[in-house]
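Please walk me through this structure.

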Amino acid sequence: MEEYVLQTRQLTKQYPKHTALTQVDLSIRKGSIYGFIGQNGAGKSTLMRIISGLAFPSSGSFELFGQSSASGIVQARKRMGVTIESPALLSHLTAKGNMEVRRLQKGISDRASLDKLLNIVGLDHTGSKPVKEFSLGMKQRLGLAIALLGDPEFLILDEPTNGLDPVGVMELRQLLTKLNRDTGLTILISSHILSELHLLATHYGIIHQGKLLEQLTAGELNEKCRQYLHIKVDDSDRAVEILMDQAPAKINRMPDGSIRLYESTERPGAISSLLAASGLEIEQFMPVSDELERYFIQKIGGNSHD
Amino acid sequence: MINLIRSELYKLRHDPLYQALLMVMIFAPIMLYVMFYFVGSNSGKPPMTGIQSFVVGVQANQILLKISLGILAGFFISKEYASGVMKIVCSTGYSRTRIYLAKLAAFMLGAVALSLLCPLISMAVGSVVNGFGSLTEITAAVYIGRTLALTALFAAAFTALVAVLAICSTEAGVTVGAALLFFLFFDQISESLAGLIPAYRTVYDHSVFKLFLQMMEYRIAGEQVLLSVLTACLTAVVFALLGMFAFNKKEIK
């Protein structure tokens, strides 16, 4: 039997004027990266807030690390790290001061872990600078470092890429992938940048108007979306030759000379290294997941206001 | 629980507003003494002794403490909703009850420290300038010990009371405004109401508000001291329970 970190059963959240969640049955497998997709107000944050103990369900239940009693769930939350909506920070404290508050809360004796995490998120140089002088991207990274304190087994990240520059987004993705791979960290992540989610998630849940429309694995989604790598090099004939030879995959040559490489999107680094090692000059190289957006929009009924 | 309290105390210690309030509580009695010194010297009065200055410090504390508590409640508790810090605390894996009690414990400790500063600094300044002095009505040590103990107890009771307001309000400004209005006008309104409604007089006379105003008297009957202790403890417990109940029901935005 597969082990689930989180399972919700008919989870419903009703406010006086609207229903935020309607009978949601969501399952997150241990060790997965669950991309939670939905428009603003679809219910993503509401579900995350309920799991984190910030809001209470109107009906239904959920199981966290196999615990479903109220006290069991509270205890299970000790194994979680959370950032919801915006990074929650004390603006007059430094990055390390904010980490210290969390360290004390969790009763972590190892002070060195603060420096280690600040180094991982690239904030080790901030010294005595108070958080109020940080950029939004820096705050996001600090929020992530705080969530990672105490080596959580389950990370809930609500729009963690807000305010991050493209390099920051890429670094975040690499960090989360590494943590997931090395420590088996389970991640529930929502983001508006679907292409980023597509590069990161192993599982997806699509939510719309409080209803979970579909849950699927990355493989199932890729089959439906046909994600590809868009490649443009100085010698496309040679590139096709190399790719056909060494990275067997479906290749489409486009009229503008670019190449679309399907079925190898999970290892873009290896492909770019292969091309570069062959002496080709890479002009453009990017994973394209417009199809995910298209799939998402089609799934929610063709309307999008984001 | 102890981890939560340590974390809350860390936040309090590093809170710039709390640090500012500590400064106010240190410098206000000094300024007050200087003012009395010059006013007294113009009319040929000798400077206040330590024990006389202590009494003035206790009187000044009655208003300073209430104002400080209102401000601190807004910025130490309510502001955590706006900053989102409350979200992090509530998702840490502690029950809401423990979170609230830890917050209240740190807030109470901070408030008690604030409440003792003004009388003690006043006494120290007076003693340095004109000696400690003495009281005819009661042994000074007994008076100081009793007054400081009651001050600390009443500070704890007021803290529990204002913490309920702070935990229910998500806006620091609203908490500060409401707490100040309440603390500054409650006694006046209550006195007026007590004049009209005899039953209210009984309630008000046995409340922390009235007993707090009476605690500086030199001669207090043993029953009155006991009543003050019990009322302060009961108020703290009742409002702590009320705050816990409110926080357990509250959704964190």
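**Helices of chain B**

Helix H5 (residues 96–130) of chain B and helix H10 (residues 222–249) of chain B pack with their axes 9 Å apart, at an angle of about 135 degrees. Helices here are DSSP runs of H or I with at least four residues, strands are runs of E with at least two, and both are numbered from the N terminus. Axes are lines fitted to C-alpha atoms, for helices over the stretch in contact, and angles run from 0 to 180 degrees between N-to-C directions.

This is a predicted model: local features need pLDDT of at least 70, side-chain atom pairs count only at pLDDT 80 or more, and totals for chains, interfaces and linings use all residues. Residues are numbered from 1 along each chain as its sequence is written, while chains are lettered from A and ligands numbered from 1 in the order in which they are written.

Back to the helix pair. H5(B) and H10(B) are therefore oblique to each other. Angles under 35 degrees count as roughly parallel, over 145 as roughly antiparallel, 65 to 115 as roughly perpendicular and the rest as oblique. H5(B) passes H10(B) in a right-handed crossing. A crossing is right-handed if the near helix is turned clockwise from the far one by less than a right angle, and left-handed if anticlockwise. On H5(B), the residues that meet H10(B) include Tyr100(B) and Leu104(B). Their partners in H10(B) include Gly243(B) and Phe247(B). Contact means that the C-beta atoms, placed from the backbone, lie within 7 Å. This contact has 6 nonpolar, 3 polar and 1 charged residues. Ala, Val, Leu, Ile, Met, Phe, Trp, Tyr, Cys and Pro count as nonpolar, Asp, Glu, Lys and Arg as charged, and the others, Gly among them, as polar.

H5(B) has another partner. Helix H2 (residues 16–42) of chain B packs against H5(B) at about 25 degrees, with the axes 8 Å apart. H2(B) and H5(B) are therefore roughly parallel. Their crossing is right-handed. Leu22(B) and Ile26(B) are among the H2(B) residues in the contact, and Leu114(B) and Ile121(B) are among those of H5(B). The contact of H2(B) with H5(B) has 14 nonpolar residues, 3 polar and no charged.

Now turn to chain A. The domain assignment, which is automatic or from a database, gives domain 1 (4–222) and domain 2 (228–288). The centres of these two domains of chain A, taken over C-alpha atoms, are 34 Å apart.

Look at a hairpin next. Strands S9 (residues 203–208) and S10 (residues 211–217) of chain A run antiparallel, joined by 6 bridges. Strands pair if DSSP finds at least two bridges between them. The hairpin of S9(A) and S10(A) has 2 residues between the strands, and Gln209(A) in the turn has a positive phi of about 50 degrees.

Further along is an open sheet of 4 strands in chain A, antiparallel, in the order S12-S13-S11-S14. Strands S12 (250–253) and S14 (282–288) of chain A are at the edges, each with a single partner strand, so one side of each has no neighbour in the sheet. Helix H9 (residues 236–246) of chain A packs on the sheet, touching S11, S12 and S13 of chain A. Helix H10 (residues 268–277) of chain A lies across S11, S13 and S14 of chain A.

Finally, where do the chains meet? The contact takes 28 residues from chain A and 22 residues from chain B. H3(A) gives the largest share of the chain A side, 7 residues.

How values were computed:
Two residues are in contact if their C-beta atoms, placed from the backbone, lie within 7 Å.
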